[in-house]
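I opened this model to look up its charged pairs, its packing and its rings. My entries follow in the order I made them.

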Amino acid sequence: MSKPANRPEVVHLPAETPVDVPVRNRRVAAQRVREARDRLTSTSGTRPAFDRELLRQYAQTRLSASLVVTLLVIGTGFLFGFWSQPIEAAVWACGMFCIHAMIIHACKRYLAEPPSANGARRWRMKFILFDLLYGMCWTVVLVHPTGVDIVSNSLMMFLMLLVVAVSSMLAASLPIAAFAATAPVTLGVAFNFIMRGTLDNYVLAALAIAAEGYFALLAHRLHSNTLATLEARAEKDALIGELEQAKAISDEARHRAEAANVAKSRFLAQMSHKLRTPLNAILGFSEVMKSEIFGGHAVPVYKDYSADIHNSGVHLLNLINEILDLSRIEAGRYELNEEAVSLVHVVADCHHLLKLRASSRGITIHEVFEHGMPRIWGDERATRQIVLNLLSNSIKFTPQGGEIWLKVGWTASGGQYLSCKDTGSGIAEDEIPIVLASFGQGSNSIKSAEQGAGLGLPIAKSLIDMHGGTFTLKSKLRVGTEVIVTFPPERVMSALAPMTEDGPPLQPDFETSVADERRRPRNKPIMSAGTGL
């Protein structure tokens with residue numbers, strides 16, 4: 001009588017220890033070397049690419065704010081003409097427009113030229129000189145002796161602050177140019193206030209110098225923020241480039257690995273096919289010689305030799321079949337022939353096939369099956385191969401007098417599981433990934449007298465993966481090994497519940513049909529006139 005099976009414990013296989021590679025240290029060192037090289041080749045202490053980008057932003061800002069500067073010059077000239085001489089104001093306005101036109105033309109030329117390191121240094125000096133000339137021109141109008149009353153002082157201070165603020169914002173990406181454009185204006189206005197010799201003018205001079213310092217600091221902060229943005233964007237672009245390069249390398253390596261794997265699978269399939277033809281002849285002739293069909297051997301030892309040849313041929317044929325199955329699975333050409341399969345019956349048949357082999361080694365196999373297990377939807381041949389591989393491994397590595405437990409039952413999620421547990425030598429924890437790899441063997445299997453090819457467990461794991469199940473291996477040295485194979489609930493074929501409603505009768509009732517025929521309206525003929533109907 002079968003005992004209720006225990007629920008399988010889900011045990012995760014130990015992951016391989018990642019190899020520590022100092023990638024971050026190499027990246028930091030490369031970044032430091034690049035920054036040092038850029039500082040040596042740059043004129044501003046930053047990367048040459050950043051210098052060109054800052055100059056480009058400066059030129060674009062100047063072009064976009066050309067209308068604002070034009071309106072500011074027109075307004076200042078109008079006020080200057082109203083306060084002083086109109087001719088002098090007109091001359092000053094014409095000079096400002098000429099300088100402004102020169103700056104706009106230079107900005108357009110810079111944006112049209114291809115970027116270069118020497119060109120950036122040359123254009124940087126040009127922009128600084130143009131801004132210096134621009135600031136000196138503003139100084140001419142602001143230090144003009146317009147009077148000593150409060151209105152003229154307030155107007156001068158207001159225009160100075162306006163010019164300094166606009167110039168600082170326009171040349172924020174080039175702090176030296178901003179200083180060249182605002183320093184002459186501030187110094188000229190402050191010197192003009194100081195020369196008047198009153199306390200109020202001293203206060204206004206101090207306020208002018210403080211405003212210059214504030215706007216210089218603001219321009220420096222804007223330049224720092226712009227530079228930080230450029231560095232972040234450069235780091236992002238570099239990271240994206242590294243990721244794309246790594247992806248390209250990994251894709252190329254993956255394509256090579258896939259090509260090598262396909263070539264290996266084709267080679268194994270062709271070699272397996274070529275080896276089967278002479279192997280079948282060896283098996284046939286050795287079977288004839290072992291059975292002495294055409295007569296007995298003159299020397300009895302030849303019969304033993306024939307049996308050894310036949311057994312070796314059978315072993316070689318099984319090995320070729322396993323290699324062929326593994327090559328088909330890895331190449332993705334293994335197709336499942338799915339049908340309704342009883343997992344309990346498959347395990348019982350495999351136990352019956354290997355029972356004699358286990359009995360010859362003094363191994364006891366216990367069956368613990370749950371009753372009433374429905375069928376599962378799967379490949380019977382693949383399921384049988386999984387059970388045979390697990391059970392043959394248990395018999396192979398279980399010493400004489402050991403025990404093996406075969407369990408079939410329900411999982412917690414509603415699926416079915418198969419458990420094969422033995423009292424063998426066990427597998428070391430660090431050797432479990434090796435055992436599950438193709439052609440992998442543990443130290444105990446190498447020392448054992450019955451060595452295999454290391455394909456049983458990988459084939460079983462691949463077949464259960466194709467069914468959507470899980471493969472769990474638990475082992476401990478000198479205690480035993482347990483392999484749990486689970487099938488998902490989607491493959492369990494549960495019986496349908498009986499229908500509660502009565503179905504229609506197979507033959508209609510005669511009385512009911514006659515009554516329905518009488519109640520059915522009769523179709524009268526259309527041409528019934530004169531017929532008496």
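**Entry 1: salt bridges**

I began with E258, which is partly exposed at a relative accessible area of 40%. The model is predicted, so local features need pLDDT of at least 70 and side-chain atom pairs count only at pLDDT 80 or more, while totals for chains, interfaces and linings use all residues. Residues are numbered from 1 along each chain as its sequence is written, and side-chain values use heavy atoms, with hydrogens and water left out.

I then looked for the partner of E258. The side chain of E258 meets that of R254 in a salt bridge, 3.2 Å from N to O. My cut-off for a salt bridge is a side-chain nitrogen of Lys or Arg within 4 Å of a carboxyl oxygen of Asp or Glu. Side chains of opposite charge can pair when their charged atoms come close. R254 is partly exposed too, at 39% relative accessibility. Both E258 and R254 lie in helix α8, four residues apart, about one turn of the helix. Helices here are DSSP runs (H or I, at least four residues), numbered from the N terminus.

I found a second pair in helix α8. K290 and E287 are three residues apart there, about one turn of the helix. Their side chains form a salt bridge at 3.6 Å, N to O. K290 has 25% relative accessibility and counts as partly exposed. E287 is partly exposed at 31%.

Next I checked R384 and D349. Their side chains meet in a salt bridge at 3.8 Å, N to O. This pair links distant parts of the chain: R384 is in helix α11 (residues 380-396), D349 is in helix α10 (residues 343-360), and they are 35 residues apart. R384 is partly exposed at 22% relative accessibility. D349 is partly exposed at 38%. I also noted a network: K247, D251, R254 and E258 are joined by salt bridges that share partners. How many salt bridges does a search of the whole structure find? I got 14.

**Entry 2: nonpolar cores**

I turned to the largest nonpolar core, which has 51 residues. A core is a set of buried Ala, Val, Leu, Ile, Met, Phe, Trp, Tyr and Cys residues joined through side-chain atoms within 4.5 Å. W92, F127, Y134, W138 and M160 touch the most other members. Helices α2 (48-64), α3 (66-83), α4 (86-112), α5 (117-142), α6 (150-170), α7 (175-196) and α8 each supply at least two residues. Which helix gives the most to this core? I found α5, with ten residues.

I noted a second, separate core of 44 residues, which includes I363, V387, L391 and I459.

I listed contacts (heavy atoms within 4.5 Å) for F127. Leaving aside neighbours within four places in sequence, F127 is in contact with L55, Y58, A106, C107, Y110, L174 and A177. I did likewise for S394, which is found in helix α11. S394 is buried, at 4%. Not counting residues up to four places away in sequence, S394 touches I404, C420 and D422.

**Entry 3: rings**

I counted eight aromatic pairs in the structure. Rings of Phe, Tyr and Trp (its six-membered ring) pair if their centres lie within 6.5 Å; planes under 30 degrees apart count as stacked, over 60 as edge-to-face and the rest as tilted. W92 and W138 are edge-to-face, at 5.2 Å centre to centre and 70° between the planes. W92 lies in helix α4 and W138 in helix α5, so the pair ties together parts 46 residues apart in sequence. W92 is buried at 6% relative accessibility, and W138 is buried at 0%.

The rings of Y302 and Y305 have centres 6.5 Å apart and planes at 40°, so I logged this pair as tilted. Y302 is partly exposed at 46%, and Y305 is partly exposed at 48%. I also logged a cluster in which ring pairs link Y58, Y110, W123 and F127.

Methods
Buried < 20%, exposed > 50% of the residue type's maximum accessible area, 1.4 Å probe, protein only.
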